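Open the model in your viewer and follow the stops below. Each stop says what to select and what is there.

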Amino acid sequence: ALAQRATSFEAEEKWLDSYRTIEKLLMLEPGNREQQVRMSEILDKSLDDREVRGSYDLLNLIIATQARALGVCELDSSLQDRERAIRRRMMQRLVQAGRFEDAMDQIAKLSTPSIDGYLMKWLALSKYSMALENRNHSFTDATQISIPDWLYSASTLQVVDLLLKSIIDNPGDIEISSAIAEACLGNSELRAKSQLENLTPQELRDRAISVMDKMLASNRENLKAWMAHFAIASRIDPIRAESDIRQALSMAPEDTEVLRDAGGHFMDRGLNDSRGSEISKKAERLELAQKYFSQALEKGLKQDGKIYLGLGELALNKGDFEGAIKYWEDGARVASAPTAPLWFRLVQAWASKRDLNKMHESLKSMDLSIRNESALLNKRGQVAISRIASQQWANYHALQGDFVRAAKYLEDVIARDQEMDSENRSEMIASLGMCYLRSGQYDRAVEAYQDAAGLTPLVGELHRGFADAL
């Protein structure tokens, strides 16, 4: 009866109900290997690849269940034909969980003497993701002996070159194309000793758009492709980005993530674009932002912090400070991790009112959320949130006139975060220089402003700060 009930739930695509029913069945029949394998296949279907964020407990359960199923397949020859499919999905799930080293181990087990473009793709994405977090992983000596030459050679390539090689084997692939475009637009240290090392900033922007254009040409009916193109275009060309998001809206007008990103796009353009004829479109864009954020919330995206951040900004732009605070506080209460960005915004809002008591309350809540949610973030996210939190505390002490204590927060984060890009490091060091200047430490202020200007020499404010410190 339990087996039939599980099959019925499966037919209705009630994956978790089917999984739980099989789980009960296995309590009665613990040696039922077929059901053990089937359970892992069904549970994997319960979590859409687009919904992994905020579902880490379920993701880890899926991985654990897949690992057990692989053990069963290895013991039972009648189930071995399902092993490869389960291992491939487990590899993808490990990447989603940020367990890139474990994913590479699965890639090694899946590899054959023939070049496999699919495995090349996931190797490239794993190595790239690790590089973003300043992590590195190589196959062990024992593994190197057993894996084919093509896989070992690929694993030794510079990470951007590996991405470029992977796109040859996977033309038009959305994830690889996006990673190449992000590498073009991101930290220059990632491109060191790669084929892209000597390209100018404009050439890199052109390369990023070109890669995404080729990807889109192969996937014009794919919503995911349009959203990936939008994500890159929004960093380079807001007009093209608007064309992308309008196309996505026409393809999937009910999709909550499309609605959320449309809200973010129109909000950014409405709040930030003040060029000539664009000013007249400000109100129209902000109305569209309100519409799309509200629709995303109404249609079920109630745990997405970006929605509450956006609605709060729109309320604040209308002069509704209390409304903005309510949106951010509601978001901090119900949104999935990380909620720290909502607390950052609350801290900044109270700072603008010079309400140090409310600011301090928000800072304490911010710290609590970071402690509770840190394990759910990858290393890159943890470092970024820790850096911004320290800046918030430094600002709090600076507003109190305690520039010495503010400087301590900034000194700690500068010393601790060695992976910070040059722009953020320059901003942080400049803030430190201001604290030194205000606390009468003029020599240290001069040194700080010099260091900051060396990182971003075209930022005029740094040179003015330097002159003030002399």
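Start with a cartoon view of this predicted model. The protein chain carries 25 helices and zero strands.

Next, select the C-alpha atoms and orient the view along the principal axes. They fill a box of roughly 80 × 50 × 45 Å. How does the radius of gyration of the protein chain compare with that of a compact globule? For 470 residues, the globule rule gives a value near 23 Å; the protein chain has 25 Å, which agrees.

Now colour by relative accessibility. Of the 470 residues, 48% count as buried. Switch to the surface.

Select the charged side chains. There are 61 positive and 71 negative ones. Where do the centres of the two sets lie? They are 2 Å apart.

Finish with the cysteines. How many disulfides does the count come to? It comes to zero, with sulfur atoms within 2.5 Å as the criterion. Select Cys-73 first. Is Cys-73 buried or exposed? Its relative accessible area is 0%, so Cys-73 is buried. Then go to Cys-184. At 3% relative accessibility, Cys-184 counts as buried, because the cut-off for buried is under 20%.

Technical notes:
Residues are numbered from 1 along each chain as its sequence is written. This is a predicted model: local features need pLDDT of at least 70, side-chain atom pairs count only at pLDDT 80 or more; totals for chains, interfaces and linings use all residues. Side-chain values use heavy atoms; hydrogens and water are left out. Helices (H or I, at least four residues) and strands (E, at least two) are DSSP runs, numbered from the N terminus. The radius of gyration is taken over C-alpha atoms; the globule rule is 2.2 Å times the number of residues to the power 0.38. Buried means under 20% relative accessible area, exposed over 50%, partly exposed in between (1.4 Å probe, protein chains only). Lys and Arg count as positive and Asp and Glu as negative; His and the chain ends are not counted. The place of a charge is taken as NZ of Lys, CZ of Arg, CG of Asp or CD of Glu.
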